[in-house]
Amino acid sequence: AFPLVRSVLATLTSAAERPVVYGYHAYWTDNPATLDFARLTHVAIFNVDVHTTNVLSSTSNWTNVAEDVVAAAHASGTKVHLCVTAFSDSQHEAVFRNASFRAELIAQLAALVLDYGADGVNVDFEGVSGEYKQDMIDFVVDLRAEVGEVVLATPAVDWGGNWDYSELSRVSDGLFIMGYAFHYTGSNPGPNDPLYGSDVWEKYGLEWAVEDYLLYEADPAKVILGLPLYGQWWEADHDVPGSAYGDAGSIPMVDAIAEAKEYGALYDAASSSPYYLPPGEQVWYPDHDSVRERI
């Protein structure tokens with residue numbers, strides 16, 4: 001399951017004087033031209049989508065804002081990336097098994113980036129099969145040659161060993177670990193971005209994810225840890241761990257912090273995560289302290 005809310009903050013392990021702070025901006029939120037770009041080194045505008053017939057769809061999410069965003073961002077020294085998404089097997093097959101489609105996709109992405117004076121592309125391809133492991137590397141090489149910078153959104157847990165972290169970090173400008181959705185709309189309630197694994201929440205957490213990238217020889221200077229600026233809520237009992245029994249969804253961080261004051265903020269030590277318990281619900285969310293701790 002892939003989270004729809006893509007508001008995230010990221011920090012890059014780097015020796016540079018100014019650490020990379022890489023944010024996604026989703027089309028359904030506020031005007032991206034009003035962002036405080038001085039706090040960001042990069043912003044990825046989410047999203048245009050791979051279309052198996054027309055090559056790209058949802059391009060208005062970019063063209064409606066790109067001119068203003070690039071001008072405002074560049075005035076603060078912030079780089080702008082166009083985020084392209086592909087979450088389905090049919091999209092992946094079109095990109096990785098059809099050379100003419102891939103070439104046209106790269107050409108259209110390059111035109112969208114270069115026509116607006118942007119700086120590169122964020123590739124958010126999720127659920128990619130291991131059969132495309134080398135194809136992903138080749139795609140990044142070809143795309144980067146046309147658009148300048150390429151950063152990839154990559155999984156916190158690579159369940160099938162489908163991503164070549166070492167080679168992808170070599171040929172790209174960064175691997176953005178999607179360090180969220182450890183619990184999600186279709187799961188039972190629990191921490192969205194556990195800092196640590198534990199006997200309570202299994203072994204997987206942000207610490208495990210970063211160590212896994214380094215274990216498989218990702219370049220540390222290219223590893224970006226993505227953090228959620230949103231929480232998850234579930235209709236659920238109040239046991240921790242507990243069981244969901246109805247609807248679930250996401251909530252912006254700022255709204256969750258306000259609600260936590262109303263219902264009483266609680267803290268799960270095993271995952272270093274705040275949560276609160278409205279009647280008939282569990283809400284797990286980030287606050288300023290938890291984000292700071294993860295950074």
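Predicted model: local features only at pLDDT ≥ 70, side-chain atom pairs only at ≥ 80, totals over all residues.
**Entry 1: the open sheet**

I began with the sheet made of five strands, which is open and has the order S11-S10-S14-S13-S12. The pairing in it is antiparallel. Strands S11 (244-252) and S12 (266-268) are the edge strands; each has a single partner, so one side of each has no neighbour in the sheet.

Next I zoomed in on one pair. S13 (residues 273-276) and S14 (residues 281-284) run antiparallel and are joined by two bridges. One thing I wanted was the bridge partner of Tyr275 in S14, and that turned out to be Trp284.

Then I asked myself which strands helix H8 lies across. H8 (residues 253-263) lies across S10 (230-236), S11 and S13, and runs at about 120 degrees to S11.

**Entry 2: Ser290**

I found Ser290 in helix H9 (residues 288-294). Its relative accessibility is 5%, so I put Ser290 down as buried, the cut-off being under 20%. Leaving aside neighbours within four places in sequence, Ser290 is in contact with Ser272 and Pro274.

**Entry 3: helix H5**

H5 (residues 133-147) has 15 residues, and at 1.5 Å a residue it should span 21 Å; the end C-alpha atoms are 21 Å apart, which agrees.

Which residues of H5 are buried? I listed Met136, Ile137, Phe139, Val140, Leu143 and Val147. Seen down the axis, these buried residues of H5 fall within an arc of 160 degrees, so they line one face of the helix. I reminded myself that an α-helix has 3.6 residues a turn, so residues three or four places apart point the same way.

I then looked at what covers the buried residues of H5, and the cover includes helices H3 (89-97), H4 (99-115) and H6 (165-171). Strands S6 (120-125) and S7 (149-155) are also among the covering elements. After H5 comes Gly148, with a positive phi near 95 degrees.

**Entry 4: Asp173**

Asp173 sits in the loop between H6 and strand S8 (174-178). At 24% relative accessibility Asp173 counts as partly exposed. Not counting residues up to four places away in sequence, Asp173 touches Arg144, Gly148, Glu149, Val150, Val151 and Lys222. With Arg144 there is a polar contact between side chains, at 3.0 Å. I also took a C-alpha to C-alpha distance to Ser250: Asp173 is 30 Å from it in space and 77 residues from it in sequence.

**Entry 5: Gln91**

Back to H3, where I looked up Gln91. Is Gln91 buried or exposed? Its relative accessibility is 9%, so Gln91 counts as buried. The Gln91 side chain reaches the backbone oxygen of Val50 at 2.6 Å. Apart from residues up to four places away in sequence, Gln91 touches Asp49, Val50, Thr52, Thr85 and Ala86.

**Entry 6: strand S2**

Last, I went through S2 (residues 22-26). Five of its five residues are buried, so S2 is largely enclosed by the rest of the structure. I sorted them by face: Tyr22, Tyr24 and Ala26 are on one side, Gly23 and His25 are on the other, and both faces are covered. S2 pairs with S3 (residues 42-51) in the parallel sense over five bridges. For Gly23, I noted Val43 as the bridge partner in S3.

Technical notes
Residues numbered from 1 in each chain as written. Heavy atoms only, no water. Pairing = 2+ DSSP bridges. Helix = DSSP H or I, 4+ residues; strand = E, 2+ residues; numbered from the N terminus. Contact = heavy atoms within 4.5 Å. Axes fitted to C-alpha atoms, helices over the stretch in contact; angles between N-to-C directions. Expected span 1.5 Å × (residues − 1). Buried < 20%, exposed > 50% of the residue type's maximum accessible area, 1.4 Å probe, protein only. Arc of directions from axis to C-beta. Polar contact = N/O pair within 3.5 Å; in protein donor to acceptor, adjacent residues only side chain to side chain.
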